[in-house]
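User: I am new to this structure and would like a careful look at a single part of it. Could you take me through how the helices pack in one region?

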Amino acid sequence: MGDYWDHRPYPETAVLVGVIKQGQSDEMASDYLEELAFLAETAGAEIRAEYTQRLEAPHPKTFIGSGKLSQVKDFVKEEEIDMVIFDDELSPSQLRNIERELNCRILDRTNLILDIFAGRAQTAHAKTQVELAQYQYLLPRLTRMWTHLERQRGGIGLRGPGETEIETDRRIIRDRISKLKDQLIKIDKQMMVQRKNRGKMVRVALVGYTNAGKSTLMNLLSKSKVFAEDKLFATLDTTVRKVVVENLPFLLSDTVGFIRKLPTHLVESFKSTLDEVREADVLMHVVDISHPNFEEQIEVVESTLRELGGGEIPVLLVFNKTDAYTYTHKDDDDLTPMSRDNLSLDDRKKEWLKTHPEALFISALKKNNIDELKDQLYQKVKDIHVKRYPYNDLLY
Ligand code: GDP
Ligand code: MG
(Lines give C-alpha, C1' and ligand atoms only; values in the text may rest on other atoms or scores of the structure.)
(Ligands and ions follow the chains in the order given, each with its own letter.)
Protein backbone atom coordinates (compact mmCIF):
# COMPACT_ATOMS: atom_id res chain seq x y z
CA MET A 1 0.00 0.00 0.00
CA GLY A 2 2.18 2.79 1.27
CA ASP A 3 0.83 6.29 1.29
CA TYR A 4 2.37 9.67 0.63
CA TRP A 5 3.69 10.13 4.14
CA ASP A 6 5.80 6.98 3.97
CA HIS A 7 7.95 8.67 1.40
CA ARG A 8 8.23 12.02 3.03
CA PRO A 9 11.76 12.52 4.31
CA TYR A 10 11.49 13.44 7.98
CA PRO A 11 13.77 16.27 9.12
CA GLU A 12 17.19 15.11 10.22
CA THR A 13 17.97 15.79 13.84
CA ALA A 14 21.07 17.68 14.88
CA VAL A 15 23.06 18.72 17.91
CA LEU A 16 25.17 21.91 17.81
CA VAL A 17 28.59 22.27 19.40
CA GLY A 18 30.51 25.52 19.87
CA VAL A 19 33.61 26.65 21.68
CA ILE A 20 33.51 29.93 23.58
CA LYS A 21 36.88 31.55 23.19
CA GLN A 22 38.69 33.93 25.47
CA GLY A 23 37.27 37.41 25.43
CA GLN A 24 33.90 36.24 24.19
CA SER A 25 30.93 37.07 26.34
CA ASP A 26 28.19 34.52 26.96
CA GLU A 27 25.89 36.75 25.00
CA MET A 28 28.16 36.74 21.96
CA ALA A 29 28.56 32.99 22.21
CA SER A 30 24.83 32.45 22.26
CA ASP A 31 24.35 34.78 19.28
CA TYR A 32 26.93 32.77 17.36
CA LEU A 33 25.22 29.51 18.15
CA GLU A 34 21.91 31.04 17.18
CA GLU A 35 23.39 31.84 13.80
CA LEU A 36 24.65 28.27 13.45
CA ALA A 37 21.17 27.04 14.32
CA PHE A 38 19.72 29.34 11.66
CA LEU A 39 22.17 27.91 9.11
CA ALA A 40 21.34 24.35 10.16
CA GLU A 41 17.61 25.02 9.90
CA THR A 42 18.14 26.57 6.49
CA ALA A 43 19.81 23.30 5.49
CA GLY A 44 16.73 21.44 6.76
CA ALA A 45 17.88 20.15 10.14
CA GLU A 46 15.91 20.05 13.37
CA ILE A 47 18.02 21.21 16.34
CA ARG A 48 17.64 19.03 19.41
CA ALA A 49 20.39 20.32 21.71
CA GLU A 50 23.25 22.81 21.93
CA TYR A 51 26.53 22.29 23.76
CA THR A 52 29.16 24.92 24.42
CA GLN A 53 32.45 24.84 26.24
CA ARG A 54 34.70 27.65 27.35
CA LEU A 55 38.24 26.92 26.16
CA GLU A 56 41.34 29.00 25.49
CA ALA A 57 41.59 27.31 22.13
CA PRO A 58 39.72 24.40 20.57
CA HIS A 59 41.13 21.02 21.62
CA PRO A 60 43.62 19.96 18.91
CA LYS A 61 42.40 16.37 18.81
CA THR A 62 38.69 16.55 19.47
CA PHE A 63 37.77 20.27 19.30
CA ILE A 64 36.08 20.07 22.73
CA GLY A 65 37.37 18.30 25.84
CA SER A 66 36.80 14.59 26.37
CA GLY A 67 34.32 15.11 29.23
CA LYS A 68 32.12 17.35 27.11
CA LEU A 69 32.45 15.05 24.14
CA SER A 70 31.17 12.10 26.14
CA GLN A 71 28.15 14.16 27.26
CA VAL A 72 27.39 14.82 23.61
CA LYS A 73 27.91 11.13 22.88
CA ASP A 74 25.39 10.05 25.50
CA PHE A 75 22.79 12.42 24.18
CA VAL A 76 23.37 11.40 20.57
CA LYS A 77 22.99 7.76 21.47
CA GLU A 78 19.93 8.16 23.65
CA GLU A 79 18.08 10.40 21.26
CA GLU A 80 19.29 8.68 18.08
CA ILE A 81 20.58 11.96 16.68
CA ASP A 82 21.52 12.01 12.98
CA MET A 83 24.33 14.53 13.08
CA VAL A 84 26.48 16.78 15.21
CA ILE A 85 27.38 20.19 13.81
CA PHE A 86 30.47 22.10 14.96
CA ASP A 87 30.65 25.90 14.71
CA ASP A 88 34.18 25.98 13.26
CA GLU A 89 35.99 24.24 10.47
CA LEU A 90 37.40 20.97 11.85
CA SER A 91 40.77 19.68 10.73
CA PRO A 92 40.70 16.33 8.92
CA SER A 93 42.12 14.59 11.99
CA GLN A 94 39.70 16.25 14.41
CA LEU A 95 36.90 15.14 12.14
CA ARG A 96 38.11 11.53 12.17
CA ASN A 97 38.62 11.44 15.93
CA ILE A 98 35.24 12.94 16.67
CA GLU A 99 33.46 10.69 14.25
CA ARG A 100 35.06 7.62 15.75
CA GLU A 101 33.94 8.75 19.19
CA LEU A 102 30.39 9.87 18.40
CA ASN A 103 29.58 7.34 15.74
CA CYS A 104 27.28 9.59 13.75
CA ARG A 105 27.55 12.07 10.93
CA ILE A 106 29.75 15.07 11.77
CA LEU A 107 29.43 18.37 9.99
CA ASP A 108 31.38 21.55 10.50
CA ARG A 109 30.46 25.08 9.62
CA THR A 110 32.20 25.01 6.22
CA ASN A 111 30.52 21.76 5.32
CA LEU A 112 27.15 23.11 6.32
CA ILE A 113 27.58 26.30 4.30
CA LEU A 114 28.63 24.24 1.27
CA ASP A 115 25.59 22.03 1.73
CA ILE A 116 23.27 25.01 1.64
CA PHE A 117 25.04 26.44 -1.37
CA ALA A 118 24.79 23.10 -3.17
CA GLY A 119 21.06 22.91 -2.56
CA ARG A 120 20.46 26.39 -3.86
CA ALA A 121 22.79 26.87 -6.80
CA GLN A 122 20.73 27.50 -9.93
CA THR A 123 23.01 28.40 -12.80
CA ALA A 124 25.77 26.26 -14.29
CA HIS A 125 28.17 28.84 -12.97
CA ALA A 126 27.03 28.63 -9.36
CA LYS A 127 26.83 24.84 -9.52
CA THR A 128 30.37 24.58 -10.82
CA GLN A 129 31.67 26.88 -8.12
CA VAL A 130 30.01 24.89 -5.35
CA GLU A 131 31.13 21.56 -6.72
CA LEU A 132 34.70 22.80 -6.88
CA ALA A 133 34.58 24.06 -3.31
CA GLN A 134 33.06 20.76 -2.16
CA TYR A 135 35.78 18.68 -3.75
CA GLN A 136 38.47 20.92 -2.36
CA TYR A 137 36.98 20.47 1.07
CA LEU A 138 36.61 16.74 0.55
CA LEU A 139 40.07 15.91 -0.73
CA PRO A 140 42.01 15.98 2.57
CA ARG A 141 39.06 14.41 4.41
CA LEU A 142 38.37 11.57 2.05
CA THR A 143 38.46 8.75 4.58
CA ARG A 144 35.24 9.66 6.27
CA MET A 145 33.37 12.11 4.12
CA TRP A 146 32.81 9.73 1.29
CA THR A 147 29.54 8.06 2.13
CA HIS A 148 28.09 11.34 3.29
CA LEU A 149 28.88 13.23 0.14
CA GLU A 150 27.68 10.40 -2.03
CA ARG A 151 24.38 10.18 -0.23
CA GLN A 152 23.95 13.89 -0.37
CA ARG A 153 24.80 14.44 -4.00
CA GLY A 154 23.82 11.16 -5.58
CA GLY A 155 25.02 10.75 -9.13
CA ILE A 156 28.20 12.67 -9.32
CA GLY A 157 29.78 9.96 -11.43
CA LEU A 158 31.82 8.39 -8.66
CA ARG A 159 31.24 5.20 -6.73
CA GLY A 160 31.49 4.75 -2.98
CA PRO A 161 34.84 3.18 -2.29
CA GLY A 162 36.27 1.17 0.56
CA GLU A 163 39.31 2.44 2.42
CA THR A 164 41.67 0.58 0.06
CA GLU A 165 40.49 2.51 -2.94
CA ILE A 166 41.14 5.90 -1.47
CA GLU A 167 44.23 6.62 -3.53
CA THR A 168 42.32 6.01 -6.75
CA ASP A 169 39.57 8.25 -5.52
CA ARG A 170 41.98 11.00 -4.62
CA ARG A 171 43.19 10.87 -8.19
CA ILE A 172 39.66 10.96 -9.58
CA ILE A 173 38.87 13.93 -7.39
CA ARG A 174 42.02 15.78 -8.38
CA ASP A 175 41.08 15.24 -12.03
CA ARG A 176 37.60 16.48 -11.35
CA ILE A 177 38.95 19.56 -9.56
CA SER A 178 41.13 20.50 -12.50
CA LYS A 179 38.23 19.95 -14.94
CA LEU A 180 35.99 22.17 -12.83
CA LYS A 181 38.66 24.85 -12.69
CA ASP A 182 38.93 24.78 -16.50
CA GLN A 183 35.17 25.01 -16.78
CA LEU A 184 35.13 27.99 -14.43
CA ILE A 185 37.77 29.79 -16.46
CA LYS A 186 35.55 29.38 -19.53
CA ILE A 187 32.45 30.58 -17.70
CA ASP A 188 34.39 33.50 -16.26
CA LYS A 189 35.38 34.57 -19.76
CA GLN A 190 31.78 34.40 -20.94
CA MET A 191 30.67 36.41 -17.97
CA MET A 192 33.36 38.99 -18.56
CA VAL A 193 32.08 39.40 -22.11
CA GLN A 194 28.54 39.72 -20.77
CA ARG A 195 29.64 42.37 -18.33
CA LYS A 196 31.44 44.25 -21.10
CA ASN A 197 28.34 44.05 -23.30
CA ARG A 198 26.37 45.78 -20.63
CA GLY A 199 28.26 48.82 -21.75
CA LYS A 200 29.52 51.56 -19.59
CA MET A 201 26.44 52.00 -17.50
CA VAL A 202 27.18 52.83 -13.88
CA ARG A 203 27.07 49.73 -11.74
CA VAL A 204 25.78 49.56 -8.20
CA ALA A 205 26.14 46.36 -6.19
CA LEU A 206 24.19 45.43 -3.09
CA VAL A 207 26.40 43.90 -0.45
CA GLY A 208 25.72 42.98 3.14
CA TYR A 209 25.49 40.29 5.72
CA THR A 210 23.23 37.42 4.80
CA ASN A 211 19.55 38.11 5.61
CA ALA A 212 20.09 41.89 5.86
CA GLY A 213 17.42 42.57 3.24
CA LYS A 214 19.43 42.98 0.02
CA SER A 215 17.02 41.05 -2.17
CA THR A 216 14.03 42.84 -0.68
CA LEU A 217 15.63 46.18 -1.48
CA MET A 218 16.54 44.97 -4.96
CA ASN A 219 12.90 44.06 -5.57
CA LEU A 220 11.75 47.39 -4.30
CA LEU A 221 14.15 49.42 -6.45
CA SER A 222 13.88 47.38 -9.63
CA LYS A 223 10.29 46.23 -9.20
CA SER A 224 11.47 42.76 -10.11
CA LYS A 225 10.91 39.50 -8.31
CA VAL A 226 14.15 38.35 -6.77
CA PHE A 227 13.84 35.44 -4.39
CA ALA A 228 13.73 36.82 -0.83
CA GLU A 229 13.03 34.77 2.26
CA ASP A 230 13.96 34.65 5.91
CA LYS A 231 16.78 32.18 5.51
CA LEU A 232 20.51 32.42 5.32
CA PHE A 233 21.93 32.29 1.81
CA ALA A 234 18.57 32.35 0.11
CA THR A 235 20.40 32.40 -3.18
CA LEU A 236 23.86 32.06 -4.58
CA ASP A 237 23.36 33.49 -8.02
CA THR A 238 23.92 37.08 -8.92
CA THR A 239 20.96 38.97 -10.30
CA VAL A 240 21.50 42.12 -12.32
CA ARG A 241 18.70 44.53 -13.18
CA LYS A 242 18.54 47.80 -14.97
CA VAL A 243 17.11 50.43 -12.68
CA VAL A 244 16.04 53.94 -13.61
CA VAL A 245 15.86 56.68 -11.02
CA GLU A 246 14.68 60.03 -12.39
CA ASN A 247 15.67 59.20 -15.98
CA LEU A 248 19.07 58.04 -14.94
CA PRO A 249 19.63 54.39 -15.75
CA PHE A 250 22.15 52.20 -13.93
CA LEU A 251 22.70 48.54 -13.22
CA LEU A 252 21.91 47.12 -9.83
CA SER A 253 23.16 43.71 -8.79
CA ASP A 254 22.19 41.49 -5.90
CA THR A 255 24.73 38.91 -4.84
CA VAL A 256 25.32 36.31 -2.18
CA GLY A 257 25.42 37.61 1.38
CA PHE A 258 28.50 37.54 3.52
CA ILE A 259 28.74 35.63 6.76
CA ARG A 260 31.08 35.30 9.71
CA LYS A 261 33.85 32.70 9.39
CA LEU A 262 33.45 32.22 5.67
CA PRO A 263 36.51 30.06 4.97
CA THR A 264 39.08 31.67 2.71
CA HIS A 265 39.18 28.84 0.18
CA LEU A 266 35.45 29.23 -0.10
CA VAL A 267 35.76 32.92 -0.83
CA GLU A 268 38.34 31.90 -3.43
CA SER A 269 35.87 29.51 -5.12
CA PHE A 270 33.23 32.18 -5.35
CA LYS A 271 35.58 34.70 -6.78
CA SER A 272 33.73 35.14 -10.04
CA THR A 273 30.38 35.60 -8.32
CA LEU A 274 32.10 38.31 -6.40
CA ASP A 275 33.55 39.95 -9.52
CA GLU A 276 30.20 41.66 -9.73
CA VAL A 277 31.07 43.32 -6.45
CA ARG A 278 34.69 43.99 -7.31
CA GLU A 279 33.80 45.74 -10.57
CA ALA A 280 31.02 47.88 -9.17
CA ASP A 281 31.23 51.69 -9.16
CA VAL A 282 29.27 52.04 -5.95
CA LEU A 283 28.41 49.58 -3.21
CA MET A 284 25.23 49.77 -1.20
CA HIS A 285 26.06 48.11 2.09
CA VAL A 286 22.77 46.92 3.56
CA VAL A 287 22.80 46.41 7.33
CA ASP A 288 20.10 44.79 9.46
CA ILE A 289 20.01 47.31 12.28
CA SER A 290 17.50 45.20 14.20
CA HIS A 291 20.07 42.44 14.65
CA PRO A 292 21.78 42.50 18.07
CA ASN A 293 25.15 41.93 16.42
CA PHE A 294 24.78 44.33 13.53
CA GLU A 295 28.00 46.16 14.33
CA GLU A 296 30.01 42.97 14.12
CA GLN A 297 28.21 42.09 10.90
CA ILE A 298 29.36 45.41 9.44
CA GLU A 299 32.93 44.47 10.33
CA VAL A 300 32.60 41.05 8.72
CA VAL A 301 31.30 42.58 5.50
CA GLU A 302 33.99 45.26 5.45
CA SER A 303 36.82 42.83 6.07
CA THR A 304 35.51 40.39 3.45
CA LEU A 305 35.34 43.27 0.98
CA ARG A 306 38.93 44.16 1.71
CA GLU A 307 39.91 40.53 1.25
CA LEU A 308 38.19 40.51 -2.13
CA GLY A 309 39.95 43.62 -3.30
CA GLY A 310 36.84 45.78 -3.21
CA GLY A 311 37.99 47.92 -0.32
CA GLU A 312 38.42 51.07 -2.42
CA ILE A 313 34.93 51.25 -3.91
CA PRO A 314 32.75 54.02 -2.46
CA VAL A 315 30.12 52.65 -0.10
CA LEU A 316 26.68 53.92 0.75
CA LEU A 317 25.74 52.60 4.16
CA VAL A 318 22.06 51.63 4.33
CA PHE A 319 20.64 50.64 7.70
CA ASN A 320 17.61 48.50 6.98
CA LYS A 321 14.82 47.04 9.15
CA THR A 322 14.40 50.19 11.22
CA ASP A 323 10.81 49.03 11.74
CA ALA A 324 12.07 46.04 13.70
CA TYR A 325 14.60 47.89 15.84
CA THR A 326 14.10 47.33 19.55
CA TYR A 327 15.97 48.50 22.62
CA THR A 328 15.61 48.49 26.37
CA HIS A 329 14.26 51.85 27.32
CA LYS A 330 15.93 53.48 30.29
CA ASP A 331 14.10 56.03 32.44
CA ASP A 332 15.91 59.07 33.76
CA ASP A 333 15.61 57.86 37.34
CA ASP A 334 16.93 54.43 36.43
CA LEU A 335 20.27 54.05 38.17
CA THR A 336 21.60 51.09 36.21
CA PRO A 337 24.46 52.17 33.99
CA MET A 338 23.76 53.04 30.37
CA SER A 339 24.73 50.23 28.02
CA ARG A 340 24.59 49.68 24.25
CA ASP A 341 21.26 47.91 24.72
CA ASN A 342 19.73 51.18 25.89
CA LEU A 343 20.45 53.08 22.69
CA SER A 344 17.36 54.24 20.85
CA LEU A 345 17.17 54.34 17.08
CA ASP A 346 17.79 58.10 17.26
CA ASP A 347 20.89 57.53 19.38
CA ARG A 348 22.15 55.06 16.80
CA LYS A 349 21.48 57.48 13.97
CA LYS A 350 23.37 60.28 15.67
CA GLU A 351 26.27 57.98 16.38
CA TRP A 352 26.61 56.66 12.84
CA LEU A 353 25.98 59.94 11.08
CA LYS A 354 29.02 61.38 12.84
CA THR A 355 31.33 59.06 10.93
CA HIS A 356 29.06 58.34 7.93
CA PRO A 357 27.15 61.52 7.14
CA GLU A 358 25.48 59.91 4.12
CA ALA A 359 24.21 56.85 5.94
CA LEU A 360 20.54 56.05 5.42
CA PHE A 361 18.00 54.53 7.74
CA ILE A 362 15.23 52.70 5.95
CA SER A 363 12.76 49.90 6.09
CA ALA A 364 12.60 48.02 2.82
CA LEU A 365 9.62 46.08 4.11
CA LYS A 366 7.55 49.06 5.27
CA LYS A 367 8.96 51.23 2.46
CA ASN A 368 10.16 53.91 4.87
CA ASN A 369 12.65 56.50 3.65
CA ILE A 370 12.94 54.94 0.23
CA ASP A 371 12.69 58.31 -1.54
CA GLU A 372 15.64 59.55 0.44
CA LEU A 373 17.56 56.47 -0.57
CA LYS A 374 16.69 57.01 -4.21
CA ASP A 375 17.85 60.64 -3.98
CA GLN A 376 21.19 59.61 -2.54
CA LEU A 377 21.62 56.90 -5.10
CA TYR A 378 20.72 59.30 -7.89
CA GLN A 379 23.37 61.76 -6.72
CA LYS A 380 26.02 59.08 -6.46
CA VAL A 381 25.27 57.57 -9.86
CA LYS A 382 25.05 60.99 -11.45
CA ASP A 383 28.46 62.03 -10.10
CA ILE A 384 30.05 58.95 -11.63
CA HIS A 385 28.15 59.38 -14.86
CA VAL A 386 29.29 62.96 -15.22
CA LYS A 387 32.88 61.97 -14.62
CA ARG A 388 32.63 59.21 -17.18
CA TYR A 389 30.82 61.22 -19.86
CA PRO A 390 31.90 64.81 -19.25
CA TYR A 391 30.31 66.09 -22.48
CA ASN A 392 27.10 64.16 -22.36
CA ASP A 393 24.44 66.09 -20.53
CA LEU A 394 21.54 64.62 -22.47
CA LEU A 395 20.40 62.45 -19.66
CA TYR A 396 19.72 65.05 -17.07
P1 GDP B 1 19.15 39.04 1.89
O2 GDP B 1 19.67 37.73 2.40
O3 GDP B 1 20.05 40.17 2.33
O4 GDP B 1 18.88 39.06 0.43
O5 GDP B 1 17.76 39.30 2.67
P6 GDP B 1 16.27 39.19 2.11
O7 GDP B 1 15.94 40.34 1.22
O8 GDP B 1 16.04 37.81 1.58
O9 GDP B 1 15.46 39.41 3.47
C10 GDP B 1 15.63 38.56 4.58
C11 GDP B 1 14.41 38.65 5.47
O12 GDP B 1 14.32 39.94 6.07
C13 GDP B 1 13.10 38.44 4.73
O14 GDP B 1 12.24 37.69 5.56
C15 GDP B 1 12.57 39.85 4.53
O16 GDP B 1 11.18 39.90 4.44
C17 GDP B 1 13.05 40.53 5.81
N18 GDP B 1 13.19 41.98 5.63
C19 GDP B 1 13.77 42.64 4.61
N20 GDP B 1 13.69 43.98 4.80
C21 GDP B 1 13.06 44.17 5.97
C22 GDP B 1 12.68 45.34 6.73
O23 GDP B 1 12.89 46.50 6.36
N24 GDP B 1 12.05 45.12 7.92
C25 GDP B 1 11.78 43.86 8.39
N26 GDP B 1 11.16 43.76 9.55
N27 GDP B 1 12.12 42.76 7.70
C28 GDP B 1 12.74 42.90 6.52
MG1 MG C 1 19.25 37.61 -1.00
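Analyst: The crossing of H5 and H6 is left-handed, meaning that the near helix is turned anticlockwise from the far one by less than a right angle. This is a predicted model, in which local features need pLDDT of at least 70, side-chain atom pairs count only at pLDDT 80 or more, and totals for chains, interfaces and linings use all residues. Residues are numbered from 1 along each chain as its sequence is written, chains are lettered from A and ligands numbered from 1 in the order written, and side-chain values use heavy atoms, without hydrogens and water.

Helix H5 spans residues 109-120 and helix H6 residues 124-138, helices being DSSP runs (H or I) of at least four residues, numbered from the N terminus. Their axes lie 10 Å apart at an angle of about 155° (lines fitted to C-alpha atoms over the stretch in contact, with angles from 0 to 180 degrees between N-to-C directions), and H5 and H6 are therefore roughly antiparallel, the term for angles over 145 degrees. Their contact (heavy atoms within 4.5 Å) involves Thr110, Asn111, Leu114, Phe117 and Ala118 of H5, together with Val130, Ala133, Gln134 and Tyr137 of H6.

H6 also packs against helix H8, residues 166-197, where the axes come within 9 Å and cross at roughly 150°, which makes H6 roughly antiparallel to H8. This crossing of H6 and H8 is left-handed too, and among the residues making the contact are His125, Glu131 and Leu132 of H6 and Arg176, Leu180 and Asp188 of H8.

Methods:
Helix = DSSP H or I, 4+ residues; strand = E, 2+ residues; numbered from the N terminus. Parallel < 35°, antiparallel > 145°, perpendicular 65-115°, else oblique.
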